[in-house]
Amino acid sequence: MQILSLPLFNLVRNKDRLKHFITHFKYLHTKSRTCLVDNRSSMFGSLGRKCGPVSQREIPVAQVTAANMCTNSSSDDKISWLWSVYNETKKQTQDLIPVISNNFVNPDTIFANNEMSLQDIEIYGFDYDYTLAFYSSRLHTLIFNIARDILIQEHRYPEGLREYEYIPNFVIRGLHYDVQKALLMKIDAFHYIQLGTVYRGLNPVPDKEVSAMYEGSHVPLEIMSDFYGKSSHGQTMKQFMDIFSLPEMTLLSCVNDYFMKHNIDYEPVHLYKDVKEAIGDVHVRGIMYRAVEADIEKYICYGEQTHAVLRKLSRNGKKMFLITNSPFDFVDRGMNYIVGKDWRDLFDVIIVQADKPGFFNDRRKPFRRVTDKGVLLWDRIHHLEKGQIYKQGNLYEFLRLTGWRGSKVLYFGDHIYSDLADLTLKHGWRTGAIIPELRKEIKIMNTEEYVHTMTWLQALTGLLEQMQVHRDTASQTVIQQWIDEREDMRLRTKDIFNAQFGSLFRTYHNPTYFSRRLSRFADIYMASLSCLLNYDLQHTFYPRRTPLQHESPIWPEQTSAGAMNIPFQSHGIKTGPE
């Protein structure tokens, strides 16, 4: 089995490197940002020297500094001292970078939110689109163009919209759209809008305007999207969680842009519904399916590794099933291309046009068998037979007919709501999220630019947290410069991932709303099914024990380089307001 580059693996393997890292780690982090006070000697030695314990009292730095600093220092001395602390912190941080740079994350790793052993898994289930089959970016262009033309031809939208083409990488998955205000934005796990990521059409909305519209940057629960990310029951927000939604968001942005450029008065709610309907027609009418089937090599990325995963599971005696919303002809054509004509032999149950997420909740829809030619049969289903194709149905009937219940089942899908949420919350299945964007983001995080920026950003944040106790005017002038530098770095790290909306997983330091749902509904997540090839089927996935905010970090990887205790060079400087 391939050895994965898991956190700290490279450090532990090299003892000298590990010793070097821990030496700097101890300097950059002191438990609870406290210092042991020596009542018999000076608190502050040379910069970087540890405080020596005599009394075992622990006193926060702010208290120590305020209690031990005199009042006769000049502003120049204070400014000089703050910059010396800054420069020493930066030097110590730069010493860490070569070590951190060698601790890359392998994009083929499977990441765990919840402990799970493959040894316990007997049955593997799969979605089709973006789980078994991956599509090229040409498919997004196709969906955009067809939906745009439907708006013009059937909804009487202006011909001028034909000037707009699909814009790759303009949007990311997981964004929220305010239907009434026609605004696209990224929201974090605490319902706060990430300022700088709010767009009306193709242009950013100034932060002041956003704050005025929402009376701040918090989005109340009652106007957030519903459980499945939809705008319904009075909610004005729609969350786009599907990879297929990228062309929908782009089309919304382009139409909004056209109307604003031409000073056309329009109703945003009507626009949203029309675009949603046009995108839906691309799927429902079978236009996209026929286009892909006609030129499958153009749109489907050949899934040699998907084939290998299915063969591996089959050789090890695992049962497998497929539940997809796509029609049989489309799935059959794609699986013939990815796996081969015998692909149905690998699956114990195949269900098409399942209508997820309704499939997981609606007990009323019975299964219906479909012939190879697409003819629907009317006989009652008493067994789900291998090699047969079934349409619709519901999960409760599926569980009754198969007996596949609880944590022995692992289901993979790309849509966190439609594929995974109900399974983990209501039925106790284990769940695996397929996040294709993960591979690109990890590669970015492994770059020298990102490592340098994030390491110093963390260190500078810790420095600001500690030095904010200096409330005098001279100190605050210096600290404001540090705040400006931090803000500039935060913007640059956002732009590294996506110039408009940043990372799929973070809004600066907080997790995104997408990340929050991912951690709740997926036991494990990975860039593609091929990641399973790196593990044997006895492997146990362990989540990292990430410290809570009130817990002390145990491992160097779990601490911020900025959480440090730097003794004051004795200039006798006073803290607090003047």
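## Helix 5 against helix 7

In this predicted model, His140, Ile143, Phe144, Ala147, Arg148 and Leu151 of helix 5 meet Leu246, Pro247, Thr250, Leu251, Cys254 and Val255 of helix 7, a contact being heavy atoms within 4.5 Å. By class, the residues of this contact comprise nine nonpolar, two polar and one charged.

The crossing of helix 5 and helix 7 is right-handed.

## Helix 8 against helix 9

Helix 8 (residues 268-284) packs on helix 9 (residues 287-294) at an angle of about 50°, with the axes 4 Å apart, and the two helices are therefore oblique to each other. Asp281, Val282 and His283 of helix 8 make the contact with Ile287, Met288 and Tyr289 of helix 9; these divide into four nonpolar, one polar and one charged residues.

## The protein as a whole

The protein holds 18 helices and 22 strands, taken as DSSP runs (helices H or I, at least four residues; strands E, at least two). Of its 578 residues, 53% are buried, that is, under 20% relative accessible area with a 1.4 Å probe. Among contacts with a separation of 6 or more, 75% join residues 24 or more positions apart.

## Basis of the values

Residues are numbered from 1 along each chain as its sequence is written. Local features need pLDDT of at least 70 and side-chain atom pairs 80 or more, whereas totals for chains, interfaces and linings use all residues, and side-chain values use heavy atoms, leaving out hydrogens and water.

Definitions and conventions
Buried < 20%, exposed > 50% of the residue type's maximum accessible area, 1.4 Å probe, protein only. Left-handed = near helix turned anticlockwise from the far one by under 90°. Nonpolar A, V, L, I, M, F, W, Y, C, P; charged D, E, K, R; others polar. Axes fitted to C-alpha atoms, helices over the stretch in contact; angles between N-to-C directions. Parallel < 35°, antiparallel > 145°, perpendicular 65-115°, else oblique.
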